[in-house]
Each structure stands twice: as structure tokens, then as C-alpha cells.
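Here is a short briefing to read alongside the model. Have the viewer open and follow the strands as you go.

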Amino acid sequence: RPGRYRANMGWGSMGHGATGVLGAALHHADKAVSIVGDGAMLMNCEVSTAVQYGLPVVWIVVNDSQYGMVEHGMRSAGYQPVETAIPRTDFAEFARSMGADGVRIESELDLEAALRQAMAARGPFVVDVVIDPDVAAPVGSRLNNLRDQGVLNEEADA
């Protein structure tokens, strides 16, 4: 629906989707969905808050056990990534430990059923989607945005 999609790509920030989704659920008094990386979810997890207030929030966690946008973005910009690996986390189990529900997906064939389950859930739900860490996300437009803002120097392009 119009006005219901938000993406914060400026300055390369991360993590607002893991928390801002609670505000969206409260504001719209409706189900709110966030697609978030595993690093952002570990940094800014608000599952316990969603459980406490019974918010109908769904997190779809893209789980590659690394700061994938940083890893692949740095490589794309000509830098050697440093310290981008993070611990393998089972976010479905993590959600259940706080009173939410969740499912872990390791095959694309299981994704549609998991999303249906998440959207039917009355409370907070985490869909943990394990992805291949070697496949880069489409970071080109993000890098162009950062270059336009002067965050990346032109030497990285050479």
C-alpha cells in the first residue's frame, strides 16, 4: 500500500529496520514487516519489546553470518574487508527464547510457507533465512548514494 514502505540507505547506516518496525506496527495498528540483516538484528534486536507489548511484527532476517553489505560493499569499492564475520546465529531459536515464534529457512522451497506462517501469526515472528555468504547483495545503488554524499572517495573507484 502507498506510504507503507521505508528504506533508509543514506550514509550507509544499519539497524533501523530491526527497531523501527515496532513503531510502524504501533502507528498503523497493523502487521509490520522488516527485512533486516543478521548483523543489524544482533545489534538492535527488539523481539523482547515486541513480545512485551504483543506487537504483530515480523522480522525476515537475511542470515549470512557476516556484515554482508559491508563485506561485499567494501570489495565492490576496491577495499579488503576487515572484521566482517559474525557468529552463526539461529534467530528462530533466539526469538523463541524471548517468547516470540520463529522458523529457520535453509531452502528457498520453504520460504513461501514460512512467510505465510509469519503473516498469520498474532504476535512477533522471526523468519531466519540462511543465505550464501559468497553471493553479493545488489549494493551498487547504495555505493552510488554514498559516493554522492561524499562518504566514499573517488580513489576507491580506481
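**An enclosed strand and its neighbours**

In this predicted model, strand β4 (residues 125-130) is largely enclosed by the rest of the structure, because five of its six residues are buried. Buried here means under 20% relative accessible area.

**Partners of β4**
- Strand β2 (residues 57-63) runs parallel to β4, and six bridges link the two.
- Within that pairing, Phe 125 of β4 sits opposite Val 58.
- Strand β3 (residues 101-105) also pairs with β4 in the parallel sense, over five bridges.
- Val 127 in β4 is the bridge partner of Val 103.

**Strand β1**
- β1 (residues 32-37) is parallel to β2, with six bridges between them.
- One of the pairs there is Gly 37 with Val 62 in β2.
- The covered face of β1 carries Ala 32, Ser 34 and Val 36, while Val 33, Ile 35 and Gly 37 lie on the uncovered face.

**The chain as a whole**
- The protein chain has seven helices and four strands, and their order from the N terminus is α-β-α-α-β-α-α-β-α-β-α.
- Of its 158 residues, 37% are buried.
- Among contacts with a separation of 6 or more, 70% are between residues 24 or more positions apart.

Key
Residues numbered from 1 in each chain as written. Predicted model: local features only at pLDDT ≥ 70, side-chain atom pairs only at ≥ 80, totals over all residues. Heavy atoms only, no water. Buried < 20%, exposed > 50% of the residue type's maximum accessible area, 1.4 Å probe, protein only. Pairing = 2+ DSSP bridges. Contact = heavy atoms within 4.5 Å.
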